[in-house]
Each structure stands twice: as structure tokens, then as C-alpha cells.
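I opened this notebook to keep track of what I looked up, one topic at a time. The entries follow the order in which I went through the model.

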Amino acid sequence: MNSAIIEVQEVKKYFPVTRGLLFAMTIAYVKAVDGVSFAIREGETLGLVGESGCGKTTTAKLILKLDNPSAGRVLFNGVDLAGWFTTPRSYEQIWPGGPSIHEAYPGVFPLDYNERAAEHPLLHHLRLTSA
């Protein structure tokens, strides 16, 4: 069995809810991601799918080190990424090409989506009304 290229272990991301302007006080936390674990091995593809607001984008940001987890670990080829990516160059070395993020709507309704995509600039910039 081959080892994981990316391994996410019990990753959590909590955002503080504060009150007060001058002396901000944390009164609660929003649990954006709470205990996510998975591994991606060579040749595998992972799709994060879920309802709006369930933590898909936050999980992707944690994996890509665009944000730091509140708890848990993200491993790349067995190396913990905590403290990495202090320069944009190191980010590009690890993640060449960046993430692949897709919108689901065009795949389900391609003709409708293409029509709306072509229609939007005309309606907006030429101030036309939809037929």
C-alpha cells in the first residue's frame, strides 16, 4: 500500500466571535471545520462536496496553507506543513498550478449556463433587459 501524498488529521478551524470595539472580547466561536480527516494517495482524486456553508472552502484553504488550522495537522508526503510557506516561492514549489475549483451548475445545466454567461455582460454593460 502506497503512502499518502496529502494527509489531513483531525483538522479544526474555529473563528472567534467578538463583542466590543475598544476592548474586543471573544464571546463564542464559529466551528467552520471540526475534526476533518482524510488521505489522498498517488493517483487518487478527492472531491469536497456539501451544502453551502459546510466548510468545503475552509478545508481547501487549510490544505493549501492559505489559513492555519486551530487544531490538527496537514501532512504533505509525511511532512507536517505547520510553519511552512513563508514566501510565495515556496508555495508555488509545493502546489504548482494551484487548486482546481469547479462550479457544479455548468455540468448539470450546460446550455442554460452558457446562455446566461453570454447574456450577463450584455445586460450589465449595455443596460438591456432580459427577454
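**Conventions.** I am working with a predicted model, in which local features need pLDDT of at least 70 and side-chain atom pairs count only at pLDDT 80 or more, while totals for chains, interfaces and linings use all residues. I number residues from 1 along each chain as its sequence is written, and side-chain values use heavy atoms, with hydrogens and water left out.

**Overall fold.** I looked up the secondary structure and found four helices and four strands in the protein chain, where helices (H or I, at least four residues) and strands (E, at least two) are DSSP runs numbered from the N terminus. Along the sequence the pattern reads β-β-α-β-β-α-α-α. I then turned to contacts, meaning heavy atoms within 4.5 Å, and noted that among those in the protein chain with a separation of 6 or more, 48% are between residues 24 or more positions apart. The protein chain has 131 residues, of which 18% count as buried; buried means under 20% relative accessible area, exposed over 50%, and partly exposed in between (1.4 Å probe, protein chains only).

**Nonpolar core.** Which residues make up the largest nonpolar core? I found 11 residues in all, namely I6, V8, V11, V33, F38, I40, L62, I63, V74, F76 and L81. The elements that give two or more residues to this core are β1, β2, α1 and β3. For the term itself I used a set of buried Ala, Val, Leu, Ile, Met, Phe, Trp, Tyr and Cys residues joined through side-chain atoms within 4.5 Å. As background, I noted that in soluble globular proteins nonpolar side chains tend to be buried together. Taking V33 as one member of the core, I listed its contacts while leaving aside neighbours within four places in sequence, and they are V11, K12, K13, Y14, G55, T58, T59 and L62.

**Helix α1.** The buried residues of α1 are T58, T59, L62 and I63. Seen down the axis of α1, these buried residues fall within an arc of 140°, so they line one face of the helix, the arc being that of the directions from the helix axis to the C-beta atoms. What covers them includes β1, β2 and β3. I checked T59 by itself: T59 counts as buried at 8% relative accessibility, and, not counting residues up to four places away in sequence, T59 touches V33, V36, F38 and L48.

**Backbone.** Where did I find positive phi in a residue other than glycine? One case is E10, with phi near 45°; E10 is found in strand β1 and counts as partly exposed at 47% relative accessibility. Another is K65, with phi near 60°, which follows α1 and has its place in the loop between α1 and β3. K65 is buried, with a relative accessible area of 15%.

**Salt bridge.** My search of the whole structure gave one salt bridge, defined as a side-chain nitrogen of Lys or Arg within 4 Å of a carboxyl oxygen of Asp or Glu. The pair is K13 and D67, whose side chains meet at 3.4 Å, N to O. K13 lies in strand β1 (residues 4–19) and D67 in the loop between α1 (56–63) and β3 (71–76), so the pair ties together parts that are 54 residues apart in sequence. K13 counts as buried at 11% relative accessibility, whereas D67 counts as partly exposed at 25%.

**Surface.** I recorded an accessible surface of about 10,100 Å² for the protein chain, of which 57% belongs to carbon and sulfur atoms. Accessible areas come from the Shrake-Rupley method with a 1.4 Å probe, and for residues only the protein chains shown count as cover. I also noted a nonpolar surface patch of about 420 Å², made by F15, V17, M25, I27 and V30. The elements that give two or more residues to the patch are β1 and β2 (25–41), with the largest share, three residues, coming from β2. Patches are made of residues with over 30% relative accessible area and no salt bridge, with like charges joined within 9 Å and nonpolar side chains (Val, Leu, Ile, Met, Phe, Trp, Tyr) within 5 Å. F15, found in strand β1, is partly exposed with a relative accessible area of 33%.
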